[in-house]
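Please look through the sequence and the structure shown here before reading on.

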Amino acid sequence: MSDTVNASEALRPASGQDAPHTSGVPVRHTRTKGEPRFPDGPKADPAGSHFERRIRSFQPRRSRVTAGQADALQRLWPAWGFDIDGSRRLDLAEFFGNDGPVVLEIGFGMGEATARMAAADPATNILAVDVHTPGQGNLLNLADRLGLTNVRVGNGDAIILLREMIAPGALGGLRVYFPDPWPKKRHHKRRLIQPEFLTLAATRLAPGAVLHCATDWEPYAEQMLEVLTAHPDFENTQPDGGFAPRPAFRPLTRFEGQGLEKGHVVNDLLFRRVPLDEQAADRV
């Protein structure tokens, strides 16, 4: 990846709409009919029909990929991206090239906050997962411009990743920031933070690892708090058992700032994976 540059500069949109250049000349790829947009990049449905059909907590979003995002996907995906196809167990130390702790982030949007956190804590590896192609390209582009080596970008279903591709106890943390709140009551079953998800996540988190959620949808925040508090594998890091102040390491994003300007209340939840010996003691 490129030499490290100032984070604030890298996170500002580049002039010329991020158009990639070689010797000062914009590079454009012309596709033939039927050719995939990114032959060596993220696939539309990496897991295909190899796993059971179930209610998903996400919807793939289609929007325009800028020239800069496309260039990043073409150049960097083979080295820094991967499809969640459920075909193999990831060796995280080999994947990142070091033995540092790995935090899984589910749903990173356009990646600005992820890049800031990775730059501020280079000793922590971030496994960032989303299904939004422009966001995947944007995060790769930011990581390249910031000279980050501790970010990997996953494409696909995080449930399949956790269940099929992550070893038990391999994760040093889990972040779920501003997941789709599915506000209509008939869609609440699609929300990610449910008892079944927490049970799966707990098996992949190391004892003491923190699950950090944030949302600006207050009814969802209340549901998260209720479900997490009731789950035997997690305990609230807050002595009063309530929501947590936004920790300094979680950047204030543009999306969050817009919500705050509209009067939205943002709630953070930080729950610790209970060590097995503590679980056993509680059940005696």
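Phe 197 touches Ile 106, Ile 159, Leu 162, Leu 174 and Leu 192, leaving aside residues up to four places away in sequence; contact means heavy atoms within 4.5 Å. The model is a predicted one, in which local features need pLDDT of at least 70 and side-chain atom pairs count only at pLDDT 80 or more, while totals for chains, interfaces and linings use all residues. Residues are numbered from 1 along each chain as its sequence is written, and side-chain values use heavy atoms, with hydrogens and water left out.

Phe 197 is one of the residues that touch the most other members of the largest nonpolar core, which has 39 residues; Leu 104, Leu 127, Leu 161, Leu 174 and Ile 193 are the others. A nonpolar core is a set of buried Ala, Val, Leu, Ile, Met, Phe, Trp, Tyr and Cys residues joined through side-chain atoms within 4.5 Å. Buried means under 20% relative accessible area, exposed over 50%, and partly exposed in between, with a 1.4 Å probe and protein chains only. Helix H6 (residues 158–165) gives this core its largest share, six residues. Helices (H or I, at least four residues) and strands (E, at least two) are DSSP runs, numbered from the N terminus. Apart from this core lies another, of 23 residues, which includes Leu 73, Leu 139, Ala 143 and Phe 178.

Why is H6 largely enclosed by the rest of the structure? Six of its eight residues are buried, namely Ala 158, Ile 159, Ile 160, Leu 161, Leu 162 and Met 165. The cover over these residues includes S3, S4, S5, S7 and H7.

The strands can be followed next. Eight of them form an open sheet in the order S3-S6-S5-S4-S7-S8-S10-S9, with mixed pairing; two strands pair if DSSP finds at least two bridges between them. Strand S3 (81–83) and strand S9 (234–236) are the edges, each pairing on one side only. Neighbouring strands are turned by 25° against each other on average, direction ignored. Axes are lines fitted to C-alpha atoms, for helices over the stretch in contact, and angles run from 0 to 180 degrees between N-to-C directions.

Within this sheet, strand S7 (residues 171–177) is largely enclosed by the rest of the structure, because six of its seven residues are buried. S7 pairs with strand S4 (residues 102–106) in the parallel sense over three bridges, and Leu 104 stands opposite Leu 174. With strand S8 (residues 205–215), S7 pairs in the parallel sense over six bridges; here Leu 171 has Leu 205 as its bridge partner. Helix H7 (residues 195–204) lies across S4, S7, S8, S9 and strand S10 (267–273), at about 135° to S8.

The loop between S7 and H7 holds Phe 178. Phe 178 has a positive phi of about 50° although it is not a glycine, and it counts as buried because its relative accessibility is 18%.

The axes of helix H2 (residues 67–80) and helix H5 (residues 133–146) come within 8 Å and cross at roughly 75°. H2 and H5 are therefore roughly perpendicular to each other; angles under 35 degrees count as roughly parallel, over 145 as roughly antiparallel, 65 to 115 as roughly perpendicular and the rest as oblique.
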